[in-house]
Amino acid sequence: MSMDGVATRLVMDRVFFYRDSWWIVDYKTAEPNPNQAVADFVSQEVSRYRGQLDQYSRALSALLSDRPERFGSPASTTAPIKTALYFTALPRLETLPTLRD
């Protein structure tokens with residue numbers, strides 16, 4: 001994939017189409033420190049990985065636009081892209097606002 005003219009290799013943990021939306025889920029094994037509130041930890045991790053998930057969303061959007069014949073229906077190429085972090089140690093799925101919402 002070329003991002004801003006630079007070849008980039010991206011590895012997305014999970015990408016799937018469900019109920020008229022694309023989902024990109026990034027798995028995280030980190031957990032809060034013993035004295036850290038879960039909400040604070042999740043907020044910190046969302047801030048930390050927001051750029052990565054935005055990059056994944058842009059890459060998927062470009063793929064959907066550039067190669068629509070690879071996908072089952074025209075509707076799937078214009079569907080919203082949703083992103084989330086899944087914290088395996090908690091367990092918790094945290095959905096982020098996305099670029100195409």
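**Entry 1: Phe41**

I started with one side chain, Phe41, and found it in helix H1. A reminder to myself before going on: this is a predicted model.

Is Phe41 buried or exposed? I looked up its relative accessibility, which is 3%, so Phe41 counts as buried; the cut-off for that label is under 20%.

Next I asked which residues Phe41 is in contact with, leaving aside neighbours within four places in sequence. My list reads Ala30, Glu31, Pro32, Gln36, Phe87 and Leu90. I also checked one distance: Glu31 is 10 residues from Phe41 along the chain, and their C-alpha atoms are 7.7 Å apart.

**Entry 2: the helix around it**

I then followed H1 from end to end. It covers residues 38-66, 29 residues in total. From first C-alpha to last it reaches 40 Å, close to the 42 Å expected at 1.5 Å a residue.

Where is the kink in H1 centred? I found it at Tyr49, with an angle of about 50 degrees.

I went through H1 for buried positions too. Among them are Phe41, Val42, Glu45, Val46, Tyr49 and Leu53. Further along, the buried residues include Tyr56, Ser57, Leu60 and Leu64. I jotted a general rule beside that list: an α-helix has 3.6 residues a turn, so residues three or four places apart point the same way.

**Entry 3: what the helix lies on**

Which strands does H1 lie across? I noted S3, S4, S5 and S6, with H1 running at about 140 degrees to S5.

Those strands make up an open sheet of 4 strands, in the order S3-S4-S5-S6, with mixed pairing. At the edges I found S3 (14-18) and S6, each of which pairs on one side only. Neighbouring strands of this sheet are turned against each other by 30 degrees on average, direction ignored.

I wanted to know why S5 is largely enclosed by the rest of the structure. The count explains it: 5 of the 7 residues of S5 (residues 81-87) are buried, so the strand is largely enclosed.

I took its partners in turn. With S4 (residues 21-28), S5 pairs in the parallel sense over 7 bridges. I picked out two facing positions: Ile24 stands opposite Thr83 in S5, and Lys28 stands opposite Phe87.

With S6 (residues 92-96), S5 runs antiparallel, and 5 bridges join the two. Here Tyr86 stands opposite Leu93 in S6. S5 and S6 form a hairpin, with 4 residues between them.

**Entry 4: stepping back**

I finished with the whole chain. How many helices and strands does it have? I counted 2 helices and 6 strands, and from the N terminus on they run β-β-β-β-α-α-β-β.

Of the 101 residues, 32% count as buried. The chain exposes about 6400 Å², with carbon and sulfur atoms supplying 49% of that. Last, I looked up contacts between residues at least 6 apart in sequence: 61% of them join residues at least 24 apart.

Methods:
Residues numbered from 1 in each chain as written. Predicted model: local features only at pLDDT ≥ 70, side-chain atom pairs only at ≥ 80, totals over all residues. Heavy atoms only, no water. Buried < 20%, exposed > 50% of the residue type's maximum accessible area, 1.4 Å probe, protein only. Pairing = 2+ DSSP bridges. Expected span 1.5 Å × (residues − 1). Bend = angle between axes of the 7 residues up to and from the residue. Contact = heavy atoms within 4.5 Å. Areas by Shrake-Rupley, 256 points an atom, 1.4 Å probe, with all protein chains shown as cover. Axes fitted to C-alpha atoms, helices over the stretch in contact; angles between N-to-C directions.
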